[in-house]
Amino acid sequence: MGELAVEKHTEYILSIEKRKDDFESLVMEHLRLNGAYWGLTALDLMHKIGSVKPDDVVTWIMSCQDKDSGGFGGNIGHDPHILYTLSAVQVLAIFDRLDALDVEKVSDYVAGLQNEDGSFSGDMWGEIDTRFSYVAICCLSLLHRLRKINVEKAVDFIVSCKNLDGGFGCIPGGESHAGQIFCCVGALAITGSLHRIDRDLLGWWLCERQCKDGGLNGRPEKLTDVCYSWWVLTSLIMIDRVHWIDKDKLSKFILNCQDLENGGISDRPDNAVDVFHTFFGVAGLSLMEYPGLKTIDPAYALPVDVVNRIFFRK
Amino acid sequence: MEESDDLLLQLEQILENDEQLDEIGFIHPTQFATLDTNSDSHSLQFNTHFFWNKDHKLAISFEVLSPLYRAAVQKHSCARRNYKPIVRSCSKEGSEEFLGSEIDLLRHSKALVVLSPNFPTAWNSRKLILSNHHDLTLFLNELQLSTLILSYSPKSECAWSHRRWIIKLIAKRFQNLEAIIRNESELVKKICEKFKMNYRAWNHWCWLVSYMTTQQVLDELSKLRKWAELHVADNSCFHFRRRLLVRVLQNNSTGKAEDTSFNEESHTCSFLEGELEWNELLIRRYVGREALWIHRRFLSHCWINKFANDSKLNMFLDREMQLVKTCLVSSPDEFNDILAQAYLAAAYFLWLSKLQAAPQIRYEIHGRLREAGDVTSLLVKISPEKTLFWQSMGI
């Protein structure tokens, strides 16, 4: 198949950062902050973050913050939610501009979403999902404010979502799903609780995600999809079982999903591209140490140099 | 083209007028010509090049989606700024009055979620208003709105979580959920029929289990059998069965006397064995289906850990060996399904051998595994990309 078309993907990402007026782009407006994280992290992994001016991005991000609660909405004027709050922190981290934040205010917002049973709500309306547990733990860890939550209970709740097949769902008893598994494993990794996982059992479930075409699916009987190259792969890495899948075949699958003419990566070969799959394709290749890419941290989903800067700079 | 505000008004009037709307589609302008003429009984004035409304169906032309969306965002934003929540006491029966600001916000947020089902702020606006009302009809209408959105946007996370918020509210204030649970089950089944393995739909159903009585759980298990037989590749369906079975097994172990006809261990055991028998039937009939073998892993795991004793274990393992042996073939040149079946059978047995169980049980299983031949080599042959995995799992 060949190579990762870095220049093409960079052009593609930069082009979608600009506002577009077609309906399909309009109905993504509410998650622009997530989109910013996917696009900018992909650029950074490809050593192309210099193509973006930090000041404009930082100003826009800060204007997405809800002044009352301290949380961030998906775009300016949108209600705050934990998902967008993490994206805001992650993007600011990439630009080394966490100083723009009132850390206490943001961390209070996130910590305030923890419930009695240790779970996290997404926002004031109370929806519970293990994704939000990961988001909260990742966010607070990056802000050095994990002490604001009850970590033990948070871990206990995550573990209560473990199924007999070793995987994790959204809520206790929910179907195991690679995306949810990444969130649970990532949260347990960050809180030093990986001993609560049966690594062989989970590793088994995860390596069964690899299909004949080399790609990974997210659940049994589903089609392969590039985004699982991230979620399954990083989970396997965190539990030290990545040698259980064939990485060469996976790389080839990801590279096959590129649109070499227009740039971008799609969910599977010959489908339409989007920034979400472009990010996860690049991130997956980075995990497999594809030459020319920055290394990505499996738990924080940020370039390792960004994470090191946060944890090791005095 | 008309002003987008005017277009929005037309859309909102249709939405308000047709209370039983059950389907919405965004279609190409050229497709409008193929639709029947609008219902004659329409008293509304709207541009029939852009909107079509008949038999509780609504079509909107692609041409006007962007201007409609922009107008809806702007109007919603304005209405949201003007809205100040008021707290109502819940002493009065019957319908409650709405403030003008509430009516505006409800109208514009509805248009916005129709156009952009995953626009969280619009759904939140509705929650803000509903939080200060106590009329059950309102909440049921809200479920209806979510159903409408899910009919064309079945993965909409916002629509699903909005349902849960409403149900939690109803549970808190009105208590009787049985009818609602039944309706939710019907809705999820309908959606899962149309959109296979929709994770959000099945997750919603799993969420509902904690609100079900034991009898409802048993009824679901029984009703879902037929459906499962027609969808043997639907792993989500079988996972849902597992969720229900876990509930049954939990009830038994905690001795909940909610429903006295089902809290005896022997009943639960034969229930599980019935499910194992049924699963075996399907495995033999539908060759090479992963979802069926995964279901069997769970069933065996439960049976072994809860009901195995010396005499029963031998019979159990005899039967599993029998099943596995008939599925194993030695040549990877066979047809795909047969090969898949061999692979799945071998993986199943290897998985069994790894079960966390009492030492004597594991010893028995390991012994049987050796009888089955070189399972590891077979797995490596069929699935070489996982060679390292099979080798580290092999006995």
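Which residues line the largest cavity?

Modeller: Quick background: this is a predicted model, where local features need pLDDT of at least 70 and side-chain atom pairs count only at pLDDT 80 or more, while totals for chains, interfaces and linings use all residues. Residues are numbered from 1 along each chain as its sequence is written, chains are lettered from A and ligands numbered from 1 in the order written, and side-chain values use heavy atoms, without hydrogens or water.

Now to your question. From chain A, the lining has A:Glu127, A:Ile128, A:Asp129, A:Arg131, A:Cys170 and A:Ile171; from chain B come B:Glu157, B:Trp160, B:Arg164, B:Arg200, B:Asn203 and B:Trp207. A cavity here is a set of points on a 1 Å grid where a 1.4 Å probe fits but cannot get out, and lining residues have an atom within 4 Å of a point. Helices H6 (157-174) and H8 (199-209) of chain B are the elements that give two or more residues to this lining (a helix is a DSSP run of H or I, at least four residues). By class, the lining has 5 nonpolar, 1 polar and 6 charged residues. The volume, meaning the space filled by probe spheres set on the points, is about 90 Å³.

The structure holds 3 cavities of 30 Å³ or more. Helix H10 (residues 235-254) of chain B gives the largest share, 3 residues. The classes here are 2 nonpolar, 3 polar and 3 charged.

How values were computed: 1 Å grid on protein atoms, 1.4 Å probe; cavity = no way out; pocket = protein on both sides within 12 Å on 5 of 7 lines; lining within 4 Å. Nonpolar A, V, L, I, M, F, W, Y, C, P; charged D, E, K, R; others polar.
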